[in-house]
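Opening the notebook on this one.

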Amino acid sequence: MEMLVMGLCFTFVGLAITALAFAAATRPQGPPLKAQPEQPVIKPAPARFFSEGIIPSIPVPIQVPIEVLLKQIEDHVRLEQAAAESFVAFPNQALLHSKTTSPFVN
Amino acid sequence: MAHELLNGLSPAEADQVLALGSRRAVSSGSSLFRLGDAAECLFLIERGRIRLSFPMLVRGKEEEVFFEEKAPGETVGWSAMVPPYRFTLSAMAPLDAAVIALPREALLAFFDRAPETGRRIAFNLAILVGKRLQLVQAMWMREIQRAVESRSVNPAATR
């Protein structure tokens, strides 16, 4: 008798578990999710490591000392004055537009 | 010493004019006048040299840039005779120099007393100013020509 009751209990428990599993499997799905905008594909930035051996080509400006620059300006002014004096002494188009050796105009 | 401002004057007249002024020593490296200063005197150079310059921004810093150098016998500071009586350049002595400073008021009073001498000095002054004008005009024309040439070579510069 006891064996029979225990068998019935196991049977009910097994049926209950089966019913719950079936209900979970057949439950209707919720509202569909809104369509998400397509995410842009982000490409990983190219690695810049020393191992790649890429040397950035940044031009390095060559700066002469300020005294040298001022001397160059002075030489330019002297040359331009000499050219202008030549023009004033004998005005003509060729002398007006004659080139000097100044690095500022060459 | 023959001064360009006193050309055509007799020695006695020149002495009278020079007597209006005072001798001023300008030690090496020191300033005679600065751009923008009130111009009360013009200066006849007796000894040394006077260097004229103007301020320019070079690499973000103000520097005095060479404009012209004057020698004994030459005149600087004629802004003292031209309104608004302000110096338009700066002047300094690159080495020990001496000048005769002629005050404008004394000169004008002398011109009233001696109009013929005054006329000659005014004529000499007109020559100095005219020479400077011609020189700067020629330099300006050359600069404009270069600006036009550089833009015709590089049309992007005109945009």
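The model is predicted, so local features need pLDDT of at least 70 and side-chain atom pairs pLDDT 80 or more, while totals for chains, interfaces and linings use all residues. Side-chain values use heavy atoms without hydrogens or water, residues are numbered from 1 along each chain as written, and chains are lettered from A and ligands numbered from 1 in written order.

**Chain A.** I looked up burial and got 14% of the 106 residues of chain A as buried. Its accessible surface (Shrake-Rupley, 1.4 Å probe; for residues, only the protein chains shown count as cover) is about 9700 Å², with 70% belonging to carbon and sulfur atoms. Chain A has three helices and zero strands (DSSP runs numbered from the N terminus: H or I of at least four residues for helices, E of at least two for strands).

**A surface patch.** I found A:Leu4, A:Leu8, A:Phe12 and A:Leu15 forming a nonpolar patch with about 440 Å² of accessible area together. A:Leu15 sits in helix H1 (residues 2-26) of chain A, and counts as exposed because its relative accessibility is 53%.

**Cores.** A nonpolar core here is a set of buried Ala, Val, Leu, Ile, Met, Phe, Trp, Tyr and Cys residues joined through side-chain atoms within 4.5 Å. The largest has 37 residues, and B:Leu32, B:Phe43 and B:Ile50 have the most contacts inside it. Among the elements of chain B supplying at least two residues each are helix H1 (11-18), strand E3 (41-47) and helix H3 (115-153). A second, separate core of seven residues includes A:Leu69, A:Ile73, B:Val65 and B:Phe66.

I then checked B:Phe43: beyond neighbours within four places in sequence, its contacts (heavy atoms within 4.5 Å) include B:Leu32, B:Phe87, B:Val99 and B:Ile100.

**Helices of chain B.** How far apart are the end C-alpha atoms of H3(B)? They are 56 Å apart, which agrees with the 57 Å that 39 residues should span at 1.5 Å a residue (1.5 Å times one less than the number of residues). Buried residues in H3(B) include B:Ile121, B:Leu128 and B:Arg132. B:Glu105, in helix H2 of chain B, counts as exposed because its relative accessibility is 52%.

Conventions:
Buried means under 20% relative accessible area, exposed over 50%, partly exposed in between (1.4 Å probe, protein chains only). Patches are made of residues with over 30% relative accessible area and no salt bridge: like charges are joined within 9 Å, nonpolar side chains (Val, Leu, Ile, Met, Phe, Trp, Tyr) within 5 Å. A salt bridge is a side-chain nitrogen of Lys or Arg within 4 Å of a carboxyl oxygen of Asp or Glu.
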